[in-house]
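Open the model in your viewer and keep the sequence panel beside it. The stops below are given in the order in which to select them.

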Amino acid sequence: HSYPSFVTIRSTMTSTAPTTQDAPNNAILLDDINKNMTVDEIGVPIIDMSQPDKSKLILQIANACSTWGFFQLTSHGIPDKLLQSFQTQMKVFFDLPIYIKKKLKRNECNARGFFDDELTKRRRDWKEALDCGVPGSRDWSCADDDDVNACLDGLNQFPSVEDAPYFRSVVVEYFEACAELSDRIAILMAQGLGVDTENSASSDDDLLQNLRKQHTSYLRMNYYPPCPLGKEDEKKEEDNPPPLGISPHRDAGFLTVLLQDDDCHSLQVEDRNSHGNENETKWVTVKPVPGALTINTGDMAMIWSNGKYQAPLHRVLTDASKKRYSAPFFYNPGYSAQISPLPHLTSDKKDVGQHMSCVYHPGYSAPDFSIASPYF
């Protein structure tokens, strides 16, 4: 791609999981966080956002972000009816004739729209997708092609009302619901790092304010058609590997809210807790809980937490017989936002990573982060 690199890194960092000293005042101890929380069969946490003990919720999220970098969130507040309507509209769009979808194809002047030729790590992804993002005007009532909506990422492109009558309205409603949920999650992540989010005089929540008021988030709708070289062919010779839905990558923004496909389980995350051959990556499948949303942390959260939160490596497999639909919402800072570690996390160099700072820009590569990319 010709898009600019999204981040300028001035140093590297190490990783340190949260400790009880990092927790907010009156928070519970780490050895108590598993109460009222479940995990799936591989250990990825499943967290109930409606639980009454907020201190436990905060520490559960902080622990999930520092270990797997993934968790599934139940009782998240987005109505099931909206989730179902959005899933229906995704299928409506991808069922349209290819010539209609290609009228919306993104190009070198517009990063938003339809595409079926994405490359991740120089390998073509086995999928179709449609990207839409925050309008430049931040007003969805303006026409998508109005000049006031122009921004660094371009202009949104939606199918016509004749081709998909309810598509745009449902997508916009779901987009805004994801933005609101992302703000709630970001606050809990911040509180898990000891940030006083109730103190308006504190500069520690500057990034939260930037995300809330100036976020440059986008929603990607993915369709993965059945692939003849699917899971059963994973052991093919190394010089002729099977295609992947998306190759291994990390997400570039702050956090991602993913709506998975309940019928096709192809999302895999690196098991950082595995003690096997250090030269081999152990991949584990994140099987979606019905009604839940899958959350993962991105590079910007990793920088802000000074390495306490992890941006996990993940990929998507192809399937020989099943279609798969998914929709990641990438919660990203404002253009050119300055991202630095929280000051109170850089005072003790023995316990936290090296000082670092970056300027956020949308893009598809990240120096000093291996295989970083805003894909799902």
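Start by selecting D144, which is buried, with a relative accessible area of 17%; buried means under 20% relative accessible area, exposed over 50%, and partly exposed in between (1.4 Å probe, protein chains only). This is a predicted model, in which local features need pLDDT of at least 70 and side-chain atom pairs count only at pLDDT 80 or more, while totals for chains, interfaces and linings use all residues. Residues are numbered from 1 along each chain as its sequence is written, and side-chain values use heavy atoms, with hydrogens and water left out.

D144 forms a salt bridge with R168, and their closest N and O atoms are 2.9 Å apart; a salt bridge here is a side-chain nitrogen of Lys or Arg within 4 Å of a carboxyl oxygen of Asp or Glu. The pair links distant parts of the chain, 24 residues apart: D144 lies in the loop between strand 7 and helix 4 (167-191), and R168 in helix 4. Helices (H or I, at least four residues) and strands (E, at least two) are DSSP runs, numbered from the N terminus. R168 is partly exposed, at 25% relative accessible area.

Next, select R106 and D131. Their salt bridge has its closest N and O atoms 3.6 Å apart. R106 is in the loop between helix 3 and strand 4, and D131 is in strand 7 (residues 128-133), 25 residues away. Both R106 and D131 are buried.

Move to K105 and D117, whose salt bridge has a closest N to O distance of 3.0 Å. K105 is partly exposed at 25% relative accessibility, and D117 is also partly exposed, at 36%. The whole structure has 8 salt bridges.

Then display the open sheet of 4 strands, in the order 9-14-11-12 with antiparallel pairing; two strands pair if DSSP finds at least two bridges between them. Strand 9 (246-249) and strand 12 (283-285) are at the edges, because each has a single partner strand. Strand 9 and strand 14 are joined by 2 bridges, and I246 stands opposite V316 in strand 14.

Finish with two backbone details. Most residues other than glycine have a negative phi. N306, not a glycine, has a positive phi of about 55 degrees. N306 sits in the loop between helix 6 (299-304) and strand 14 (314-316) and is buried, at 1% relative accessible area. S336 has a phi near 65 degrees and is partly exposed at 42%.
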